[in-house]
Amino acid sequence: MSISVRRPGENDPQVQTTESAQTRPLLTEIDHIAIAVPDLGEAIDYYRETFGAVVDHREVVDSDGVEEALLKVAESYVQLLTPTRDDSTVAKWLEKRGGPGIHHVGYRVTSCAEALDAVKAQGFRVLDEQPRRGSRGTTVAFIHPKDALGTLIELVEE
Ligand code: V0V
Ligand code: CO
């Protein structure tokens, strides 16, 4: 008996490709999962003692009022984040939530400018009109969580 495989949309007039469909995926890899914490030292200890994960990079990002510790997991990172100022949006987020948790997801893209333009062209709100500097010398732009399934998304070009 032969089994025929039909791709979605193939020979199906009901399924049409839309204008917004990308011919090439814009997101190439997961760059980092960011976890906001009130105490960076404690969070680093937790990851080291529980999983043997060690800090690969540490940086204060003044523009965002945060300090990060990056732990490498395969080709991606866990980004432990803590506020450095009371007026940092991460301080506000921790206060509102009442404790640590996943703050955003960073997706790797080939070109931050191209991915940002694609998001803007579809009418979604962005938090950076232009790509800007992230940590480790990356180029980044954030997309508003209210236009991204409730997840704060960071586009990361290495
Ligand atoms: C806020 N909201 C979130 C959220 N933060 N939803 C999901 N994930 C988050 N992280 C929701 C919040 O519950 C509100 O929903 C609504 O969005 C408006 O939030 P808000 O409390 O009024 O706070 P805002 O507007 O002062 O700030 C929120 C945004 C802000 C997302 C606009 O955090 C921002 O601009 N983020 C981009 C920069 C950033 O996150 N930097 C830190 C990481 P309701 O309650 O109204 O329903 S820096 C970094 O990762 C770097 C440099 C790197 O990786 O290289
Ligand atoms: Co980040």
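Visitor: How far is an oxygen atom of ligand 1 from an N or O atom in the side chain of Lys92?
Guide: The distance is 2.8 Å. A polar contact is a pair of N or O atoms within 3.5 Å; within protein, one must be able to donate a hydrogen and the other to accept it, and residues adjacent in sequence count only if both atoms are side-chain atoms. Please note that this is a predicted model, in which local features need pLDDT of at least 70 and side-chain atom pairs count only at pLDDT 80 or more, while totals for chains, interfaces and linings use all residues. Residues are numbered from 1 along each chain as its sequence is written, chains are lettered from A and ligands numbered from 1 in the order in which they are written, and side-chain values use heavy atoms, with hydrogens and water left out.

Visitor: What about His104 and Ser135?
Guide: An N or O atom in the side chain of His104 is 3.0 Å from an oxygen atom of ligand 1.

Visitor: How much of ligand 1 does the protein bury?
Guide: Ligand 1 taken alone exposes 1000 Å², and the protein buries 72% of that. These accessible areas come from the Shrake-Rupley method with a 1.4 Å probe; for residues, only the protein chains shown count as cover.

Visitor: Which residues around ligand 1 are the closest?
Guide: The closest are Asp64, Gln79, Lys92, Lys146 and Glu154, out of 21 residues that surround ligand 1. To be counted as near, a residue needs a heavy atom within 4 Å.

Visitor: Which element gives the largest share of that shell?
Guide: Helix H2 does, with 5 residues. Strand E4 (76-83), helix H2 (89-97) and strand E5 (101-109) each supply at least two residues. Helices (H or I, at least four residues) and strands (E, at least two) are DSSP runs, numbered from the N terminus.

Visitor: Changing topic: how many salt bridges are there in the whole structure?
Guide: A search finds 15. A salt bridge is a side-chain nitrogen of Lys or Arg within 4 Å of a carboxyl oxygen of Asp or Glu. Side chains of opposite charge can pair when their charged atoms come close.

Visitor: Which residue pairs with Arg136 in a salt bridge, and where are the two?
Guide: Arg136 pairs with Glu158, the closest N and O atoms being 3.0 Å apart. This pair links distant parts of the chain, 22 residues apart: Arg136 is in the loop between strand E6 (132-133) and strand E7 (139-143), and Glu158 is in the segment after strand E8 (153-157). Both belong to a network of salt bridges that also links Glu29, Asp31 and Arg108.

Visitor: Is Glu158 buried or exposed?
Guide: Glu158 is exposed, at 57% relative accessible area, whereas Arg136 is partly exposed, at 25%. Buried means under 20%, exposed over 50%, and partly exposed in between (1.4 Å probe, protein chains only).

Visitor: What does the backbone nitrogen of Arg136 lie 3.0 Å from?
Guide: A polar atom of the side chain of Glu59. Glu59 is in strand E2 (residues 55-61) and counts as buried, at 18% relative accessibility.

Visitor: Lastly, where does Val78 lie?
Guide: Val78 lies in strand E4 and is buried, with a relative accessible area of 12%. Val78 and Ala34 are 44 residues apart in sequence and 6.0 Å apart in space, C-alpha to C-alpha.
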